[in-house]
Amino acid sequence: MMDVNRWLTVISNRGPYQIKEGSEGLSYEKNGGGLVSVLDEIMRQTGGTWIAWDEKGQSPELVGIPQDGPRYSLRAITLTEQEVNHYYHGFSNRVLWPLSHYFLDRCHFRTEYWDGYKRVNEKFAKAFREAYEDQDRVWIHDFHLTLLPSLLRKERANLSIGFFWHIPFPASPVFRILPWREEILRGLLGSDLIGFHLPLHAEHFLQCVEDVLKIPVDREGGSIQYDGRIIKVNAFPVGIDFRKWDALAYSAPVREKARQIREEMGIKHVLLGVDRLDYTKGILERLLAYERFLEKYPEFHRQVCLIQIAVPSRTRVDEYRSLRREIDEAIGRITGRFSTRKWIPLRYLYQSFAMEDVASYYLAADVALITPLRDGMNLVAKEYVACKREAPGSLILSEFTGAAATLAEAILVNPYNVEGLADTICLALSMPEEEKRRRMKNLRERVRERDVYWWCDSFLKDLSSVRG
Ligand code: F6P
């Protein structure tokens, strides 16, 4: 199992808890998101420190987690409004995010964003310096903190530094558009191990290092010699806590909730979409495809309903605000166009849900429509599969997700092909039970084998193998 006896420092933009100091002492509220909650469990085993931005700015600087016998401490970083705007809304979400997902027309290459990003990465480095308690390995997460590995390396030559990039890494001709491409690559090369979800992303990264920095790379071995060190580059497709989702979906309250959802809807076929409201998720294109499906296959009228759950996200960024308006408009048009007194073909839920509620929707659905235009992995696809122990259900999955690389029994689609997606919805609804069962059985095996514990374990073992 995990290298649990060695302390670990995790550094990420978002942390696992919102902690408030009130008259009755500290109160802890878990942050949503599968990954942070799993890393939280890992940290409880390893002990150490987790350094993260405190969005609400209410945490005391350093606290022990959990209350019943702290095994690790949480160090909160507070940012000014301008830092949030430039580092998070700006450089992270209006430069690196769209660039990495191939949305070049949504990139805003502003110098003030870059300056803010550099400042905040330095702030994280300072917090690490202050939190340092004989910890010799650190795991940095995601595109918000690409400069941190080399900032830490400068100070501690022997520190073992792992970095995981959670989104797609773009191909070299796209990455090279970035005005600060060299600084970002040099920042990352402070690491000992750089992880991506897919071998393809690792290849893109190696190619960029060669093209931009003119450093020869070892493609076969997945390594780079830089600054007198060997840096390993490898793929580790992230998984979910399969057992937790499986058990949850099998529990009596979730089964009852799923039964109620179906009973209240009173419909033969339930389609489901679950996404953060983000232009990379292809919600608008999916709605167009569903509209086309309703036009083209009237025999399904009064028999089908699409539940679209959209979790509010990055609501202060312009691109996300306008997307929300466009989605509202499409929902209005489709429901207005096809609804009858007794049938509503589309239900739209713009809100966050607890894990139990999401599991009930997965359980209630006949078909999951997971059709991002580009996605590093997509854990929703894996969660849906984990919840389908008994009633199989079909999975329509975009070929542009990292998940598609391993979930071969899903029905793979090109999300830009509206006509094709409309036909695929019809195909999924008409698929024989036996076929659905066979596909789901294999999908479940894959998701079970490569769960999030496997992911953590493989990454940390590889990190130890680089530096011991
Ligand atoms: O998947 C990439 C990622 O940035 C995660 O790190 C994060 O949890 C998720 O997207 C949601 O984004 P945000 O933290 O900006 O709400």
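In α14, the buried residues are Leu421, Ala422, Thr424, Ile425, Cys426, Ala428 and Leu429. The model is predicted. Helix α14 covers residues 418–429, which makes 12 residues. At 1.5 Å a residue they should span 16 Å, and the end C-alpha atoms lie 17 Å apart, so the length agrees with expectation.

Glu419 also belongs to α14. Is Glu419 buried, partly exposed or exposed? Glu419 counts as partly exposed because its relative accessibility is 31%, and the cut-off for buried is under 20%.

**Salt bridges**

The whole structure holds 39 salt bridges. Three of them are set out here.

| Asp357 | Lys257 | 2.5 Å |

Asp357 forms a salt bridge with Lys257. Asp357 sits in helix α12 (residues 355–364) and Lys257 in helix α9 (residues 252–265), so this pair ties together parts 100 residues apart in sequence. Asp357 is partly exposed, at 21% relative accessibility. Lys257 is partly exposed too, with a relative accessible area of 36%.

Asp366 lies in the loop between α12 and β16 (367–370), and Arg262 lies in helix α9, so the pair links parts 104 residues apart in sequence. Asp366 has a relative accessible area of 21% and is partly exposed. Arg262 has 24% and is partly exposed as well.

Lys296 is partly exposed, with a relative accessible area of 31%. The Glu419 and Lys296 pair belongs to one network of salt bridges that share partners. Its members are Glu291, Arg292, Glu295, Lys296, Arg333, Arg337, Glu419 and Asp423.

**A buried aspartate**

Asp192 is in the loop between α6 (181–188) and β9 (193–196). Why does Asp192 count as buried? Its relative accessible area is 1%, and buried means under 20%. Beyond its neighbours within four places in sequence, Asp192 contacts a set of residues that includes Arg153, Arg229, Lys232 and Arg467. Other contacts of Asp192 include Leu159, Ile161, Ile230, Ile231, Leu463 and Val466. Arg94 is 98 residues from Asp192 in sequence, and their C-alpha atoms are 28 Å apart.

**A nonpolar surface patch**

Leu104, Phe109 and Ile177 form a nonpolar patch on the surface. Together they have about 230 Å² of accessible area. Leu104 lies in the loop between α2 (81–100) and α3 (111–131). Leu104 is partly exposed, with a relative accessible area of 37%.

**The whole protein**

The protein has 16 helices and 18 strands. Its C-alpha trace spans about 65 × 55 × 40 Å along the principal axes. How does the radius of gyration compare with that of a compact globule? With 468 residues, a compact globule would have a radius of gyration near 23 Å, and the protein has 23 Å, which agrees.

Buried residues make up 58% of the 468 residues. Among contacts with a separation of 6 or more, 76% are between residues 24 or more positions apart. The protein exposes about 19300 Å², and carbon and sulfur atoms supply 48% of that area.

Methods:
Residues are numbered from 1 along each chain as its sequence is written. This is a predicted model: local features need pLDDT of at least 70, side-chain atom pairs count only at pLDDT 80 or more; totals for chains, interfaces and linings use all residues. Side-chain values use heavy atoms; hydrogens and water are left out. Patches are made of residues with over 30% relative accessible area and no salt bridge: like charges are joined within 9 Å, nonpolar side chains (Val, Leu, Ile, Met, Phe, Trp, Tyr) within 5 Å. Accessible areas come from the Shrake-Rupley method with a 1.4 Å probe; for residues, only the protein chains shown count as cover. A salt bridge is a side-chain nitrogen of Lys or Arg within 4 Å of a carboxyl oxygen of Asp or Glu. Helices (H or I, at least four residues) and strands (E, at least two) are DSSP runs, numbered from the N terminus. Buried means under 20% relative accessible area, exposed over 50%, partly exposed in between (1.4 Å probe, protein chains only). The radius of gyration is taken over C-alpha atoms; the globule rule is 2.2 Å times the number of residues to the power 0.38. Contact means heavy atoms within 4.5 Å. The expected span of a helix is 1.5 Å times one less than its number of residues.
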